Amino acid sequence: MSDQLTLSAETRERAGKGASRAMRREGRVPAVIYGEKKEPLTIHVEEKALMKMLNTGHFMNSVVMIDVAGQATRTLPKDVHFHPVSDRPLHVDFLRIGEHSQVKVNVPVRFINEEEAPGLTKGGVLNTVRHELELVCDAASIPDDVVIDLTGLEIGDSIHISAVTLPQGSASAIEDRDFTIATIAPPTVTRAVEEAEAVADAEAAEAAEVPATDQGVNEPVEDPAPDVTESDG
C-alpha cells in the first residue's frame with residue numbers, strides 16, 4: 001500500500017498571476033484543495049518539500065495529509081502543472097477525500113518472472129502497451145503497483161486486463177472492454193532477417209521464371225551498323 005504523506009501548507013490571501021509569480025520566487029508553489037462539496041481552499045506549499053514527494057515516484061497515487069495551521073486535510077493529488085522548460089512545479093490540485101472514500105488512481109504495472117517466459121528467453125520482446133492501470137479502490141488501501149506474472153508466455157501472446165489479478169479491494173476503472181496491457185513480440189532483428197529472406201526468395205523465384213534469352217545470358221552481341229555517308233559526288 002502506498003505510504004501516507006504529510007505536507008505543510010499556508011493559506012493564500014492573494015490570488016492572480018502576479019501573486020503566484022511572487023510566491024514561486026520565494027520557493028513556494030500555489031495549490032488548491034477542492035471536493036466533498038466544500039469551498040475550494042487556496043494554499044501554497046514549499047517547493048523543496050513538494051519536489052521531494054514528487055521524486056518518490058508514487059506521489060500521484062498516495063494519500064497526502066495537508067497540514068494548514070495545525071488542521072490536517074486528507075487529500076489525493078489530482079494534477080501537477082510544470083513549467084515547460086524548467087520542469088519546476090507551477091501549481092498543484094488536491095482532492096479532498098474521506099478516510100475510506102472510493103478513489104480513482106493510476107497505479108504502475110510491474111512485471112515478474114521474465115526468465116520463466118519462453119517467448120522472452122527465445123529472444124522475444126516485452127511490448128508494454130499500458131505502463132499504468134486506472135483503478136478504483138479504497139483511499140486507505142491504494143496499491144503501490146499491479147504485479148503481472150509472465151510465466152509461460154510465448155511469442156505472440158497478449159496480456160489482457162481480464163487475465164490480471166488486481167490487488168485486493170481494487171477494480172479496473174475501465175469496464176467496457178478487455179483491453180491489452182502488454183504483448184510478447186517477435187525479436188526485431190529476426191523480423192528484419194525474415195523480411196530480407198522473403199524478398200530474396202521472391203526475387204530468385206522471379207528470375208527462375210524468366211527465359212535465359214530474356215536475362216541476357218549467352219546472347220550474341222551484334223556489331224552496330226556502320227554509318228554510311230553518301231558522297232555529294
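Modeller: Two residues are in contact when heavy atoms of theirs lie within 4.5 Å. By that criterion, residues 24 or more positions apart account for 65% of the contacts in the chain with a separation of 6 or more. This is a predicted model, in which local features need pLDDT of at least 70 and side-chain atom pairs count only at pLDDT 80 or more, while totals for chains, interfaces and linings use all residues. Residues are numbered from 1 along each chain as its sequence is written, and side-chain values use heavy atoms, with hydrogens and water left out.

Colleague: How many helices and strands does the chain have?

Modeller: The chain has four helices and 13 strands.

Colleague: Why is the pair Glu-47 and Arg-88 called a salt bridge?

Modeller: The term requires a side-chain nitrogen of Lys or Arg within 4 Å of a carboxyl oxygen of Asp or Glu. The closest N and O atoms of Glu-47 and Arg-88 are 2.6 Å apart, so the pair qualifies. Glu-47 lies in helix H2 (residues 47-54) and Arg-88 in the loop between strand S5 (71-82) and strand S6 (89-96), so the bridge ties together parts that are 41 residues apart in sequence.

Colleague: What makes Glu-47 buried or exposed?

Modeller: Buried means under 20% relative accessible area, exposed over 50%, and partly exposed in between, with a 1.4 Å probe and protein chains only. Glu-47 has 13% and therefore counts as buried. Of the 233 residues of the chain, 33% count as buried.

Colleague: How do you know that the side chains of Asp-145 and Arg-110 meet in a salt bridge?

Modeller: Their N to O distance is 3.0 Å, which is within the limit of 4 Å. Asp-145 lies in the loop between strand S9 (132-138) and strand S10 (146-149), and Arg-110 in strand S7 (residues 102-112), so the pair ties together parts that are 35 residues apart in sequence. Asp-145 has a relative accessible area of 23% and is partly exposed; Arg-110, with 41%, is partly exposed.

Colleague: What makes Asp-176 count as exposed?

Modeller: Its relative accessibility is 65%, and the class begins over 50%. Asp-176 forms a salt bridge with Arg-177, at 3.1 Å between the closest N and O atoms. Arg-177 has 45% and is partly exposed. The structure holds four salt bridges, including these.

Colleague: Which elements give two or more residues to the lining of the largest pocket?

Modeller: About 320 Å³ of space lies in this pocket. Of its 17 lining residues, the closest to its centre are Phe-59, Met-60, Asn-61, Asn-106 and Glu-132. The elements in question are S5, S7 and S9, and S5 gives the most, with five residues.

Colleague: What is the volume of the second largest pocket, and which element gives the most to its lining?

Modeller: The volume is about 150 Å³. Strand S3 (38-46) and S5 are the elements that give two or more residues to the lining, and S5 gives the most, with four. Among the lining residues are Ile-33, Glu-36, Lys-38 and Arg-96.

Notes
1 Å grid on protein atoms, 1.4 Å probe; cavity = no way out; pocket = protein on both sides within 12 Å on 5 of 7 lines; lining within 4 Å. Points joined across faces, edges and corners; volume = space filled by probe spheres on them.
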